[in-house]
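Me: I want to go through the labels on this model one by one. Tell me what stands behind each.

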Amino acid sequence: MAKVKIRTLKCPYCGGTDFVKGYQAGHGGIVSAERPLTGTWLYHTICLSCGSVTRSYVTDPLKLLKKKNSDNYKNNT
Ligand SMILES: [Zn+2]
C-alpha cells in the first residue's frame, strides 16, 4: 500500500494547530464486517486546545478485508 501523507494543519473547530494522537481503549476498536474475529485499533488525532477529534483512522485497513480481497488489492497496487 502506498503511504499517504496526511497533515492536519488546523483544527476546524477552534483553529488550534497542536494535536496529540491517541487510540480507543478497551473494546473500542474496529472489528471487520468481512472477517469476524479480526479487528484493529482505532486511532484518533485530537486537538490539544479544544479536545475535538479531528481524525479517526486505522493503521492497517487491509486487515479488515477478507483475506482473498486483501491479497487482490495488494497484487493490483
Ligand atoms: Zn480545536
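Me: What makes β4 and β5 a pair?
Reply: Strand β4 (residues 43-47) and strand β5 (residues 53-57) share four bridges in the antiparallel sense. Two strands pair if DSSP finds at least two bridges between them, so four bridges qualify. Strands here are DSSP runs of E, at least two residues, numbered from the N terminus. One of the bridges has T45 with R55 as its partner in β5. This is a predicted model: local features need pLDDT of at least 70, side-chain atom pairs count only at pLDDT 80 or more, and totals for chains, interfaces and linings use all residues. Residues are numbered from 1 along each chain as its sequence is written.

Me: What lies between β4 and β5 in the hairpin?
Reply: Five residues. In that turn, G51 has a positive phi of about 80°.

Me: Why are β1 and β5 called edge strands?
Reply: The open sheet has three strands in the order β1-β4-β5, with antiparallel pairing. β1 (19-23) and β5 each pair on one side only. β1 joins β4 through five antiparallel bridges, and V20 stands opposite I46 in β4.

Me: Why is Y43 called partly exposed?
Reply: Y43, in strand β4, has 16 other C-beta atoms within 10 Å. Buried takes 20 or more within 10 Å, exposed 12 or fewer, and partly exposed is in between, with C-beta atoms placed from the backbone. The count of 16 is in between, so Y43 is partly exposed.

Me: Which residues does Y43 touch, leaving out those up to four places away in sequence?
Reply: K21, Y23, Y57, V58 and T59. Contact means C-beta atoms, placed from the backbone, within 7 Å.

Methods: Two residues are in contact if their C-beta atoms, placed from the backbone, lie within 7 Å.
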